[in-house]
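Work through the exercises below with the model open beside you. Try each task before you read its solution.

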Amino acid sequence: MALAAAAAVLAALGGALWLAASRFVGLRAQRLHGSRDPSHMHGKTVLITGANSGLGRATAAELLRLGARVIMGCRDRARAEEAARQLRRELLGTGAAEPDARGVGELVVRELDLASLRSVRAFCHELLQEEPRLDVLINNAGIFQCPYMKTEDGFEMQFGVNHLGHFLLTNLLLGLLKSSAPSRIVVVSSKLYKYGDINFDDLNSEQSYNKSFCYSRSKLANILFTRELAHRLEGTNVTVNVLHPGIVRTNLGRYIHIPLLAKPLFNLVSWAFFKTPLEGAQTSIYLASSPEVEGVSGKYFGDCKEEELLPKAMDESVARKLWDISEVMVGILK
Ligand SMILES: NC(=O)C1=CN([C@@H]2O[C@H](COP(=O)(O)OP(=O)(O)OC[C@H]3O[C@@H](n4cnc5c(N)ncnc54)[C@H](OP(=O)(O)O)[C@@H]3O)[C@@H](O)[C@H]2O)C=CC1
Ligand SMILES: CC1=C(/C=C/C(C)=C/C=C/C(C)=C/C=O)C(C)(C)CCC1
């Protein structure tokens, strides 16, 4: 028994070391899609939710490098300002807020708590007053397998933040996206959608709560939302696509409990096996900026390529019903 455990640990360590070594000698296939044209996104305004951490932060850095005006929609102003300072320092070598002569764009921090419909409405109200255009909306923020919690409005947290908060946000910004067309909406989902179902009888998980199921359900909702919205946006020149980023080393696993002694091993394994945030952000960056996907809408992507969906993610009647119920839940329709 002890021998088997030791062998398993050694195998994991060996695998991790092999992968780590392969990173250095470039054996691992990495297809980074950042445009070489440094002013490719110049003049474009991009809103990224959850841009202070992980994939959102890496996406912001790259679009900023390509010249975009990047609005970071974040729930914690202090964390967001700190991330913005670091990004400016990395890209400009200075903490200054203004764009510079090298064509790097501009970063703006705005408060947005997707667990509060009041906050989403206030954020949109301000944005619509102050921003003349919005070229790209990236629904990126997310929460993963938290204990049972409710949003300010009484929704189960993962469904509330990952789906409903973004649902209201997108709906309130559609007018501006349409008037800025051609424009794009990018939705960050997950392959784990496969393990979810839209159980309309208990969307608040009051009868039972399973944190993995609720995460998967929220990510399935992201895909159904994208497909229904793509239908509704036909002929507007606003596209919407959804993606899974792969498994990425970010703060998303904050609610996963790892015993203190096992942490170094998990860190090593995640360092060797998981994508870096920049690798994981490639499909978001691609969908937000590549001319290759101009006019493409309602599709699901991974590693910058279109992928097939399970039938449950393509069920049009479930997508329509989810849309109608979400409208009522967020108070767009009474
Ligand atoms: N990492 C991975 O392996 C995978 C990630 N994804 C998806 O990628 C997306 C980005 O996650 P990732 O970068 O990994 O994780 P991080 O935890 O690093 O980033 C998540 C971001 O979402 C923000 N956020 C959480 N709750 C709220 C809220 N109520 N209002 C506003 N912002 C909020 C966080 O803010 P704060 O820092 O203040 O907590 C943070 O900025 C998520 O949608 C996730 O589901 C999908 C598949 C795999
Ligand atoms: C980085 C890291 C962790 C893992 C985070 C994980 C595993 C996140 C996975 C998210 C997925 C797969 C989401 C899919 O939608 C640990 C183990 C907590 C601790 C060591 C550092």
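Predicted model: local features only at pLDDT ≥ 70, side-chain atom pairs only at ≥ 80, totals over all residues.

Residues are numbered from 1 along each chain as its sequence is written, chains are lettered from A and ligands numbered from 1 in the order in which they are written, and side-chain values use heavy atoms, with hydrogens and water left out.

**Exercise 1.** Describe how H5 and H6 pack.

*Solution.* 
- Locate the helices: H5 spans residues 157-179 and H6 spans residues 211-232. Helices are DSSP runs (H or I, at least four residues), numbered from the N terminus.
- Read the geometry. The angle is about 20°, and the axes are 7 Å apart. Axes are lines fitted to C-alpha atoms over the stretch in contact, and angles run from 0 to 180 degrees between N-to-C directions.
- Classify the angle. H5 is therefore roughly parallel to H6. The classes are: under 35 degrees roughly parallel, over 145 roughly antiparallel, 65 to 115 roughly perpendicular, the rest oblique.
- Find the contact (heavy atoms within 4.5 Å). H5 contributes residues including Phe 159, His 163 and Phe 167. H6 contributes, among them, Tyr 215, Lys 219 and Phe 225.
- Sort by class: the H5 contact with H6 has eight nonpolar, six polar and three charged residues.

**Exercise 2.** Which residues come nearest to ligand 1, and which are closest to ligand 2?

*Solution.* 
- Ligand 1 has 28 residues around it (a heavy atom within 4 Å). Asn 52, Ser 53, Arg 75, Tyr 215 and Thr 250 come nearest.
- Ligand 2 is surrounded by 13 residues, with Ser 190, Leu 192, Tyr 215, Gly 253 and Asn 267 closest.

**Exercise 3.** List N or O atoms that lie close to ligand oxygen atoms.

*Solution.* 
- For ligand 1, a side-chain N or O atom of Thr 250 is 2.6 Å from an oxygen atom. For Lys 219, the side-chain distance is 2.9 Å.
- Ala 141 uses a backbone N or O atom, 3.5 Å from an oxygen atom of ligand 1.
- For ligand 2, a side-chain N or O atom of Ser 190 lies 2.6 Å from an oxygen atom. A polar side-chain atom of Tyr 215 is 2.6 Å from an oxygen atom of ligand 2.

How values were computed: Helix = DSSP H or I, 4+ residues; strand = E, 2+ residues; numbered from the N terminus. Nonpolar A, V, L, I, M, F, W, Y, C, P; charged D, E, K, R; others polar. Polar contact = N/O pair within 3.5 Å; in protein donor to acceptor, adjacent residues only side chain to side chain.
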